[in-house]
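Subject: Handover of a structure and summary of findings

Dear colleague,

Please find below the structure that I am handing over to you.

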Amino acid sequence: MTTTATLENPPTTDNPVFSVDGLWKVFGPKADRVPEDAELSALDPADLRARTGCTAAVRDVSFDVRKGEVFVVMGLSGSGKSTLVRCLTRLIEPTAGTICIDGEDVRAMDKARLRELRRHRAAMVFQHFGLLPHRTVLDNVAYGLEIQGMGKAERRARAAEVVTKVGLEGMEQRKPSQLSGGQQQRVGLARALAVDPQVLLFDEPFSALDPLIRRDMQEEVVRLHREEGRTMVFITHDLSEALKLGDRIALMRDGKVVQLGTPEEIVGSPADGYVREFVRDVPREHVMTVRRAMKPGDCAGPAHPGGLAPDAVVADAIKVVAGSGRPACVVENGRCLGVVDHERLLGVVAGTELRGGAAGTEPRKEAV
Amino acid sequence: MATVTASTPRALPTGLLKHRAVHKLLLIALAAAVLVPLANARWASGSWPAALTVDLTKPLTSASDWIINNRDSHPLFLYFFGYVSNAVVISVHAVYVVLLGAGWAGVTALGALVAWRVAGVRLALGTTAAFLACGLLGMWVPTMQTLALMVVAVLASVVVGVLLGLAAGLSRRMDKILRPVLDTMQVMPAYAYLLPVVLVFGMGVPAAVLATVVYAAPPMARLTALGLQGADKEVLEAVESLGTTARQRLLTARIPLARKELMLGLNQTIMMALSMAVIASVIGAAGLGDRVYQALASVDVGAALAAGIPIVLLAVVLDRVTGAAGDGTEGQGRAGWAYALAGTVVVAVAGRLLGRLDWPDAWTLNIAEPVNRAVDWMTAHLYSGVPVVGGTADWAGHFTTWVLDPVRTGLQGLPWWSVLLIVATLAWLIGTWRTALTAVLAMAAIGVLGVWTPALDTLSQVLAAVAVTLVLGFATAVAAARSDRVERLLRPVLDVFQTMPQFVYLIPVVALFGVGRAPAAAAAVVYALPAVVRITTQGLRQVDPAAMESSRSLGATSWQQLRQVQLPLARPALLLAVNQGVVLVLAVVVIGGLVGGGALGYDTVFGLAQGDLATGLVAGAAIVCLGLVLDRVTQPTERRTGKGA
Ligand SMILES: Nc1ncnc2c1ncn2[C@@H]1O[C@H](COP(=O)(O)OP(=O)(O)O)[C@@H](O)[C@H]1O
Ligand SMILES: [Mg+2]
């Protein structure tokens with residue numbers, strides 16, 4: 001269907017946390033027939049609506065979320081991102097397809113099992129925070145634990161730790177209405193973290209925040225991910241946020257995933273005109289790595305001038321090359337993988353290296 | 001109609017409306033052209049044809065006889081209504097005994113301390129003063145009787161209302177079933193609820209409590225449902241995403257999120273319960289209402305006032321305290337409540353030890369006599385023959401001869417089918433064919449019940465009173481909307497007036513105008529005015545400031561602004577005000593049967609007083625039908641949420 005990087009990449013040692021296959025969510029009367037009917041499922045959104053009165057919010061989506069990665073789902077408003085992420089824990093009941101968490105079929109779970117999943121395995125952070133206005137910060141954070149039946153003293157102690165972790169110490173007794181937007185979202189984040197879930201799901205958590213606060217919060221997420229290595233599924237409509245946070249990005253349009261890959265793949269080799277248009281203004285030197293920019297082949301010298309790591313971004317390489325005035329080597333484990341020079345680096349900035357064709361995918365395979 | 005926007009203030013919507021209105025009018029004209037000659041040929045015009053009435057007197061009388069004969073023997077009464085009735089009597093009595101046992105000092109302390117906890121020192125002082133005033137007026141015992149009845153009725157109403165509200169708020173199917181029922185119950189005059197309960201329970205405390213519950217539970221149910229449905233979707237989703245069970249969601253999220261609406265519901269239920277507990281004196285509830293009722297029956301304005309003032313004080317205190325409980329920040333600490341409770345107990349025990357449980361006779365103030373002297377003086381000097389302005393009784397007389405009589409004669413002179421036609425046209429123009437159908441059927445039902453003439457009499461009083469209400473109300477509202485000073489002055493007055501039970505309004509009008517149809521209409525005007533003024537003022541004030549500004553920038557005079565911008569844009573609010581005015585006026589006009597209003601209201605009282613339930617029930621049913629007609633004929637597209645809300 002699309003360029004699914006999952007297929008191109010060799011299987012990782014871990015099983016995926018989430019494994020989604022052929023997922024559909026159709027809103028409207030007699031929604032079940034749409035995925036089954038080949039003719040209906042091929043219609044575009046407007047025609048489908050006219051013919052059946054149904055909206056296909058998610059259409060035939062497949063992907064795996066690997067352990068420890070930040071998996072970003074990106075798309076414009078209305079492209080089905082929220083519906084998709086809610087289907088993962090069946091906050092919205094999917095219409096067709098399979099969802100597995102750690103190999104267990106989510107759609108086959110009974111109510112009790114599903115509650116178990118929501119209580120311990122996947123916790124969500126919402127765009128408008130979804131805090132309980134009548135509870136204090138501490139009790140909001142402890143809410144998930146309270147639901148699980150944990151005693152008051154214990155859950156408050158646990159919650160207090162998490163509150164500190166997200167940088168809200170001293171505000172435990174405030175009500176959400178007494179906090180700024182950014183602080184409220186920290187509470188939302190803390191509430192999700194408090195139950196120590198295997199996966200964190202974020203639905204556009206920072207879209208309602210001011211730009212500066214948004215940057216702080218993004219850094220907070222990066223920090224948390226670095227410290228805890230928790231798997232995250234992150235929904236956003238903001239490309240720069242996606243590129244900043246995502247290990248891999250699924251780009252959605254009208255309910256379909258049009259491209260799935262690393263930020264570099266999305267920017268470097270857009271799957272179609274839509275994606276290309278989407279990433280046109282991205283500062284490429286901050287996304288593309290030297291692994292992609294280099295001329296493969298050993299430099300055949302012992303010194304390896306420059307000594308860049310293969311996942312250093314082009315912007316860093318430019319600094320090195322401009323400083324020394326000579327091409328730099330890309331080195332991994334003491335072995336030289338290739339060389340970048342002025343011409344190669346400028347090609348990346350100008351976006352002309354694409355014409356090079358195969359250079360994009362070839363080196364990746366040997367890399368991982 | 002509701003899509004009036006700032007950019008194109010009038011042109012489009014009215015154009016559309018005219019278009020549709022013309023269509024409807026044409027259709028009605030067509031239907032009339034076919035049906036009227038047929039009806040005319042068959043049953044002739046004039047009053048409702050006798051051939052089309054059904055005499056319900058016999059079946060109703062026999063039904064009521066059967067119930068009276070079987071009340072003590074039939075299992076349904078023995079094992080269901082009997083239990084209900086006993087439970088009510090026992091609970092009311094228990095509360096009454098507790099209130100008396102706490103003594104006047106204990107009750108006053110309790111009231112004051114509760115007010116202090118939920119609303120602060122000022123309201124605590126106000127509450128104390130109010131209770132002391134009740135005692136001073138020699139009304140301590142009736143006040144406690146009314147309170148006991150209220151406590152039981154409010155508790156039952158809250159339980160019933162919350163349960164119904166939960167059902168409607170959590171299930172869309174239940175909501176669909178309950179909503180129209182609750183909407184309709186909301187517009188029914190309190191009076192209409194009295195007779196059915198009397199039929200089943202007989203006169204007395206159980207009937208009074210149950211009528212009160214039936215009247216006071218709907219706002220609780222509506223607001224509970226509203227609160228549950230209005231909960232922030234994302235909060236509920238977040239709560240669900242953490243793995244809550246449905247019960248946990250309800251208890252930890254949905255109900256707390258609906259707190260504001262629940263408190264508003266409690267407030268409205270208490271106010272309606274008070275209103276009804278007072279009216280229920282007509283069916284045998286002892287207490288303040290009964291004192292007013294007895295006093296009015298003998299036109300003893302002084303005694304009526306002595307009982308009326310405690311009602312007003314009770315209403316204001318209850319409204320303020322429950323209102324503050326709704327606004328206040330919750331959970332002000334248990335310790336405060338413990339102090340409050342301890343304080344009450346100490347005062348109550350102290351009162352008991354000092355042997356001062358009953359309000360001391362020496363401390364009462366007899367206001368009845370001076371008031372009656374004042375009324376006598378007024379009767380002598382102000383009733384008639386005052387130079388230039390004329391007297392109050394003259395005004396009442398003129399209003400009767402120049403307004404009420406012609407309207408009544410006119411209505412009763414109309415051919416019956418033309419009344420139906422007018423009802424249909426009005427209801428359809430303003431609403432849908434569904435509302436029109438309901439209205440016509442309800443109007444026809446009045447004819448079928450055989451009370452066409454008295455119903456039109458009631459209707460004439462309603463129309464006259466509504467006209468006066470709207471003229472006064474709109475004028476006041478325009479003044480209040482244009483001047484902050486006027487609004488500031490008006491607000492506390494409206495607040496007090498809107499909390500007063502309907503019954504109380506009868507006292508001053510009887511003092512001023514004597515008895516008759518004009519005083520009944522006057523009471524109705526006074527009762528409906530605050531809601532009309534409030535809704536209209538709000539509507540005028542909420543007109544989009546951008547539209548106002550643009551018209552001002554075009555150099556419109558303030559009169560032009562009012563006529564061309566404010567009034568058209570406030571149209572929905574005006575329609576709502578008319579609807580509320582009509583509903584509220586009807587509620588009091590039928591109560592006016594007690595002070596010589598005659599017509600349906602009188603039939604109801606007469607039925608109750610003479611034990612002639614058939615007459616009363618028919619009149620009650622006709623009141624319900626008239627209520628339906630009037631509501632549907634004026635029903636704006638959007639519904640109100642509560643009395644003058
Ligand atoms: N409950 C619903 N009923 C009908 N249509 C819905 C519902 N929820 C979402 N949709 C439709 O599904 C599409 C995707 O919505 P959503 O998942 O919210 O998109 P996004 O989060 O990417 O903005 C939209 O066209 C939206 O109108
Ligand atoms: Mg969304």
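Buried area, the term used throughout this message, is the accessible area, taken with a 1.4 Å probe, that two parts lose on being put together, summed over both. The size of an interface is often given in this way, as the accessible area lost when the parts come together. Please bear in mind that this is a predicted model.

**The interface of chain A and chain B**

By that definition, chain B and chain A bury about 1800 Å² between them, and 59% of this area lies on carbon and sulfur atoms. The contact involves 17 residues of chain B and 23 residues of chain A. On the side of chain B, Glu234(B), Ser241(B) and Leu242(B) supply 35% of the area buried against chain A, more than any other three residues.

Two salt bridges are counted between chain B and chain A. One pair that forms a salt bridge is Arg118(A) with Glu240(B), where the closest N and O atoms are 3.6 Å apart. Nine residue pairs, with both residues at pLDDT 80 or more, are in polar contact across the interface of chain B and chain A.

Which helices of chain B each supply at least two residues of the side that touches chain A? They are helix 9 (233-241) and helix 10 (246-257). Helix 9 of chain B gives the most, with seven residues. By class, the side of chain B that touches chain A has seven nonpolar, six polar and four charged residues.

**The two domains of chain B**

The domain assignment of chain B gives domain 1 as residues 72-355 and domain 2 as residues 392-523 + 580-641. The C-alpha centres of these domains of chain B lie 27 Å apart. Their contact takes 41 residues from domain 1 of chain B and 36 residues from domain 2 of chain B.

Domain 1 and domain 2 of chain B bury about 3200 Å² between them, with 80% of it on carbon and sulfur atoms. Val187(B), Tyr191(B) and Leu195(B) supply 23% of the area that domain 1 of chain B buries against domain 2 of chain B, more than any other three residues.

How many salt bridges does the rule find across the interface of domain 1 and domain 2 of chain B? The count is zero.

Several helices of chain B each supply at least two residues of the side of domain 1 that touches domain 2, among them helix 6 (172-187), helix 8 (205-229) and helix 13 (301-327). Helix 13 of chain B gives the most to this side, with 10 residues. By class, the side of domain 1 of chain B that touches domain 2 of chain B has 31 nonpolar, six polar and four charged residues.

**The two domains of chain A**

In chain A, the domain assignment gives domain 1 (64-279) and domain 2 (284-350). Taken over C-alpha atoms, 35 Å separate the centres of these two domains of chain A. Seven residues of domain 1 of chain A are in contact with five residues of domain 2 of chain A.

The two domains of chain A bury about 520 Å² between them, 57% of it on carbon and sulfur atoms. Within domain 1 of chain A, Glu264(A), Val267(A) and Gly268(A) lose the most area to domain 2 of chain A, together 78% of what that side buries.

Between domain 1 and domain 2 of chain A, the count of salt bridges is zero, whereas three residue pairs, with both residues at pLDDT 80 or more, are in polar contact. Helix 13 (residues 263-268) of chain A contributes the largest share of the side of domain 1 that touches domain 2, five residues. The residues of that side of domain 1 of chain A divide into three nonpolar, two polar and two charged.

**The surroundings of ligand 1**

The residues around ligand 1 include Phe27(A), Thr55(A), Ala57(A) and Leu76(A), and Lys81(A) is also one of them. A backbone N or O atom of Gly78(A) lies 2.6 Å from an oxygen atom of ligand 1. For Ser79(A), a backbone N or O atom lies 3.2 Å from an oxygen atom of ligand 1. Thr83(A) has a polar side-chain atom that lies 2.4 Å from an oxygen atom of ligand 1.

With kind regards

Methods. Residues are numbered from 1 along each chain as its sequence is written. Chains are lettered from A and ligands numbered from 1 in the order in which they are written. This is a predicted model: local features need pLDDT of at least 70, side-chain atom pairs count only at pLDDT 80 or more; totals for chains, interfaces and linings use all residues. Side-chain values use heavy atoms; hydrogens and water are left out. Domain bounds come from an automatic or database domain assignment. Contact means heavy atoms within 4.5 Å. A salt bridge is a side-chain nitrogen of Lys or Arg within 4 Å of a carboxyl oxygen of Asp or Glu. A polar contact is a pair of N or O atoms within 3.5 Å; within protein, one must be able to donate a hydrogen and the other to accept it, and residues adjacent in sequence count only if both atoms are side-chain atoms. Helices (H or I, at least four residues) and strands (E, at least two) are DSSP runs, numbered from the N terminus. Ala, Val, Leu, Ile, Met, Phe, Trp, Tyr, Cys and Pro count as nonpolar, Asp, Glu, Lys and Arg as charged, and the others, Gly among them, as polar. A residue is near a molecule or strand if one of its heavy atoms lies within 4 Å of it.
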